[in-house]
Amino acid sequence: MLTAWKKEFIEFMMSADVLRFGNFVTKSGRNTPYFVNTGNYRTGLQNSRLGEFYAALVKETVGDEFDAMFGPAYKGIPLVTAAAGALARNYGIDKAFFFNRKEAKDHGEGGSIVGYQPKDGDRILIIEDVITAGTAVRETMPVLSACGKVKVTDMFISVNRCEFGQNPQKTAIMEVEEEFGIRVHALVTVRDIYEYLQGRPDYAHLLPLMESYMEQYCIF
């Protein structure tokens, strides 16, 4: 259901040129009529507002029942930073956050982790942009496993594309939940975006493209 809150987030993404419509290729190699690029958030106000959206969902779903938040390099870095700040500012939930380098640093303190250093038993949240085929998650889990015996409980993303992953009978999110035991929470889904476009006559030309794409790749 397209709530006022979800509509606000969709319009926020569009105003920042993060949610774009056209002809794109996803990381999984699929041709898609829409694309979410969180790298297009460019201002302090956008970053602050984005953090508030994520923080609200974290507060609503897990509250303060976790120890730290992780943002996978590179797009997850500003996302986790903004979310951690908004959680502390808006809800008094002051939690540690950390992220990784793509390549380990060989001088100074060394290592690939920046910020909080996870310890055994920590409950970790992942803050990401989207999941298409689950590729990025599978790249992220070894990074976290190398930190110690941590438990990744939940993952928060901007958009659930509702697409099948390696198994055509299951969405990538279903696979992530089954394979790693991670609950995935999305601010909006592709169905929310489609419903939003239905209410916008100026985007009517996109509806057949969205329908075709969802029929080919999505599971509801």
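**Strand pairing, ring pairs and burial**

Q: Which residue of β6 stands opposite Phe-70?
A: Phe-70 stands opposite Ile-126 in β6. This is a predicted model, in which local features need pLDDT of at least 70 and side-chain atom pairs count only at pLDDT 80 or more, while totals for chains, interfaces and linings use all residues. Residues are numbered from 1 along each chain as its sequence is written, and side-chain values use heavy atoms, with hydrogens and water left out.

Q: What makes β3 and β6 count as paired strands?
A: Pairing requires at least two DSSP bridges between two strands (E runs of at least two residues; helices are H or I runs of at least four), and 3 bridges join β3 (residues 68–71) to the parallel β6 (residues 123–127), so the two strands pair.

Q: Why is the pair of Phe-12 and Phe-53 called tilted?
A: Rings of Phe, Tyr and Trp (its six-membered ring) pair if their centres lie within 6.5 Å, with planes under 30 degrees apart counted as stacked, over 60 as edge-to-face and the rest as tilted. The centres of Phe-12 and Phe-53 are 5.4 Å apart and their planes lie at 40°, so this pair is tilted. Phe-12 belongs to helix α1 and Phe-53 to helix α2, 41 residues apart.

Q: How do you know whether Phe-53 is buried or exposed?
A: Buried means under 20% relative accessible area, exposed over 50% and partly exposed in between (1.4 Å probe, protein chains only); Phe-53 has 1%, so Phe-53 is buried.

Q: Why is the pair of Tyr-34 and Tyr-213 called edge-to-face?
A: The planes of these two rings stand at 90°, with centres 6.5 Å apart, so the pair is edge-to-face.
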